[in-house]
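Here are my notes on this one, as numbered points. Have the model open beside you as you read.

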Amino acid sequence: MKRYAICKIIGDGQEPETAYRPAIHDIIDPRSGLRAFAYVTAIASNPDGTPVHDWCIVLASGKNFALAAGNPDIDLLPDYPLDVKVSAMATPTKTAAFGRLMARSIDVSDLSSADGYRDLIRALGRKQDAAFHEDAFDIADD
């Protein structure tokens, strides 16, 4: 199963133990003792290598997203196919998602006019990387 998330960027940039990474990286599956999620992420960097923002977009693949739910450093985005119209999302779901983005100081003014979920994901990704394209941002399911 795959899900998009907005994650706080953690780490101090020192390789490899404390490199900049999304918070979802550090979630361990208590049953296996292994990292719970494989992921791809877009993190914009300043010339000195520090992140431009304190958040990043992630596409994670894992079996138990309940391990990430409720983590204050991870905002799981609604679990919808990319081709769903944003207007088709339940109002409380959409309102909660936008509220979590605003709480991370993410400007949502350009997101609220997104026609489809794909447009919303693309707009979030382009806040990190101008060349971001959701079709190239993929990971194999576990």
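1. Aspartate 83 has a relative accessible area of 64%, so it counts as exposed; the cut-offs here are under 20% for buried, over 50% for exposed and partly exposed in between, with a 1.4 Å probe and protein chains only. You'll find Asp83 in the loop between β5 (74–76) and α1. Its C-alpha atom is separated by 6.0 Å from that of arginine 118, although the two residues are 35 apart along the chain.

2. A word on where this comes from: the model is predicted, with local features needing pLDDT of at least 70 and side-chain atom pairs counting only at pLDDT 80 or more, while totals for chains, interfaces and linings use all residues. Residues are numbered from 1 along each chain as its sequence is written, and side-chain values use heavy atoms, with hydrogens and water left out.

3. How do the elements of the chain run from the N terminus on? The order is β-β-β-β-β-α-α, that is, 5 strands and 2 helices. Both kinds are DSSP runs numbered from the N terminus: helices are H or I with at least four residues, strands are E with at least two.

4. The C-alpha trace spans about 40 × 40 × 30 Å along its principal axes. Of the 142 residues, 41% are buried.

5. Contact means heavy atoms within 4.5 Å. Take the contacts between residues at least 6 apart in sequence: 62% of them join residues at least 24 apart.

6. Now for helix α2, residues 117–126. Is it mostly covered or mostly open? Mostly covered, with 7 of its 10 residues buried. Those are Tyr117, Arg118, Leu120, Ile121, Ala123, Leu124 and Gly125. Their cover includes β1 (2–10), β4 (55–61) and α1 (91–103).

7. The largest nonpolar core has 24 residues, and Ile57, Ile121 and Leu124 have the most contacts inside it. A nonpolar core here is a set of buried Ala, Val, Leu, Ile, Met, Phe, Trp, Tyr and Cys residues joined through side-chain atoms within 4.5 Å. Two or more residues come from each of β1, β4, α1 and α2, and α2 gives the largest share, 5 residues. Apart from this core lies another, of 16 residues, among them Ala5, Ile10, Ala60 and Ile74.

8. What does isoleucine 121 touch? Leaving out residues up to four places away in sequence, its partners are Tyr4, Ile57, Leu77, Leu82, Phe132 and Glu134.

9. Cysteine 56, in strand β4, is one to click on. It counts as buried because its relative accessibility is 0%. Beyond its neighbours within four places in sequence, Cys56 is in contact with Ala5, Ile6, Cys7, Ile9, Pro22, Thr41, Ala42, Ile43 and Gln128.

10. Serine 105 sits in the loop between α1 and α2. Its phi is near 65°, a positive value in a residue other than glycine. Why does Ser105 count as exposed? Because its relative accessibility is 67%.

11. Alanine 140 belongs to the segment after α2. At 60% relative accessibility, Ala140 counts as exposed. It still touches Lys2 and Ser61, not counting residues up to four places away in sequence. Tyrosine 80 is 60 residues from Ala140 in sequence and 17 Å from it in space, C-alpha to C-alpha.

12. Last, the surface and the charges. The chain exposes about 7600 Å², with carbon and sulfur atoms supplying 51% of it; areas come from the Shrake-Rupley method with a 1.4 Å probe, and for residues only the protein chains shown count as cover. There are 15 positive and 21 negative side chains, and the centres of the two sets lie 5 Å apart. Lys and Arg count as positive and Asp and Glu as negative, with His and the chain ends not counted; each charge is placed at NZ of Lys, CZ of Arg, CG of Asp or CD of Glu.
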